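Subject: Structure handover

Hello,

Please find below the structure I am passing on to you. My notes on what was found in it follow.

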Amino acid sequence: MKRIGILTRDCAGVNAAIRSVVRTADFFGIEVMGVLRGYEGLISGDFIPLSRRSVSGIINLGGTILKTSRSKKFFTETGQKYALQNIKKNQLDGFIVIGGNGSLSGAHILAKKYNIPTIGIPATIDNDVNGVDLSLGADTAVNVAMDAIDKIRDTAMSLERIFVIEVMGRDCGYIAMQVALAGGCEEALVPEKDFDLDEMCAQIIEGNAKGKVSWIIVVAEGKAKASAIASAITEKTGLETRVAVLGHIQRGGNPTALDRVMAARLGSYAVNLLYKGKSNLCVALKDGNLTTIPLEIAIQPKRIDVESDYALIKLLT
Ligand code: F6P
């Protein structure tokens, strides 16, 4: 194995993983080509050589030094034809893809359909890669959201207000559940669980009667718009509400120590697997140990069981 390619999505921890991949590959005498702008760059042949030195000083940076994109083209036969040509032209013997479901689906195509040795590294703030406990970026996102909620709590308590805070999570309530617990929030509305607006409003009215005057309700973007929930609460309770949509700040920021350590381990492990001739796998940590999951499993929809955490949120309210 002489040369491999690396392509990424963006979130905290991705740069630390690039660094780990490049330096581990260097240890084995393998060159690394970085693909710019994700699968779009693979199709257009936009590659840059990465060296031990070119990845210095990036371990603490959010985003991805390689830039990224959402590519529809790669999921067409024509897009794949050009991507394959570029892989051959650059004499890549293997590939590492860092990202969430979309990126890993592309990795699965490279491995299964085109026989390019490919290993995936899970990286998505949604933490929705199937079979993976924790993806890169998710811990940082939770910490960013928690920090924002702590600040909102200061003003919510002072003005005795109800806040509805929208966090990211298209199909997965991971961030919402985690920040609701970490931020001491009263309610978490997530795609994995039905909720009853009337019951929630009854609880608010009952709580207020007992002197509980400030509420923080977290809603995952995939469940509902915070503005719609806030209006409905005002309509049903007559109480004033405020809304905060945390948005893309959750995907940025310097990676937490946990994300950096995980990036170091997963990046290095991915190169080791390629070196040993493995392919079509996603690396992960399970109970603190390095493990792999077939890419075809990793890209299936993930459902998290929220019941016990939800019960705990309500118990601690
Ligand atoms: O990376 C996952 C995610 O951040 C989701 O939480 C969110 O729904 C989506 O990406 C936003 O995508 P974009 O950056 O393309 O608006």
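Is Gly38 buried or exposed? Gly38 is buried, because its relative accessible area is 1% (buried means under 20% relative accessible area, exposed over 50%, partly exposed in between, with a 1.4 Å probe and protein chains only).

Before the rest, the conventions. This is a predicted model, in which local features need pLDDT of at least 70 and side-chain atom pairs count only at pLDDT 80 or more, while totals for chains, interfaces and linings use all residues. Residues are numbered from 1 along each chain as its sequence is written, and side-chain values use heavy atoms, with hydrogens and water left out.

Gly38 and its contacts

Gly38 belongs to helix 2, residues 38-44 (helices are DSSP runs of H or I with at least four residues, strands are runs of E with at least two, and both are numbered from the N terminus). Leaving aside neighbours within four places in sequence, Gly38 is in contact with Leu7, Thr8, Lys67, Thr68 and Ser69 (contact means heavy atoms within 4.5 Å). Ile6 is 32 residues from Gly38 along the chain, and their C-alpha atoms are separated by 9.0 Å.

Thr8, one of those contacts, is in strand 1, residues 3-8. Thr8 counts as buried because its relative accessibility is 1%. Its side chain makes a polar contact of 2.8 Å with the side chain of Thr64 (a polar contact is a pair of N or O atoms within 3.5 Å; within protein, one must be able to donate a hydrogen and the other to accept it, and residues adjacent in sequence count only if both atoms are side-chain atoms). Not counting residues up to four places away in sequence, Thr8 also touches others, including Val14, Ile18 and Ile98.

Lys67 is in the loop between strand 3 (47-50) and helix 3 (77-89). Lys67 is not a glycine, yet has a positive phi of about 60°. It counts as partly exposed because its relative accessibility is 48%.

The ligand

Which residues are around the ligand? They are Arg70, Ile125, Asp126, Met168, Gly169, Arg170, Glu221, His248 and Arg251, each with a heavy atom within 4 Å of it. Polar side-chain atoms lie 2.9 Å from a ligand oxygen atom in the case of Arg70 and 2.6 Å in the case of Asp126. For His248, an N or O atom of the side chain is 2.9 Å from an oxygen atom of the ligand. On its own the ligand has 400 Å² of accessible area, and the protein covers 76% of this (areas come from the Shrake-Rupley method with a 1.4 Å probe).

Asn127 has a positive phi near 55° and is a residue other than glycine. Asn127 lies in the loop between strand 5 (118-122) and helix 5 (138-159).

Ala107 is in helix 4, residues 101-113, and counts as buried because its relative accessibility is 0%. Its contacts beyond four places in sequence are Tyr39, Val97, Thr118 and Leu295. Thr234 is 127 residues from Ala107 in sequence and 47 Å away in space, C-alpha to C-alpha.

Asn280 sits in the loop between helix 9 (257-275) and strand 10 (281-286). The side chains of Asn280 and His108 are joined by a polar contact of 2.9 Å. Further contacts of Asn280 include Ala111, Lys112, Thr118 and Leu295.

Regards
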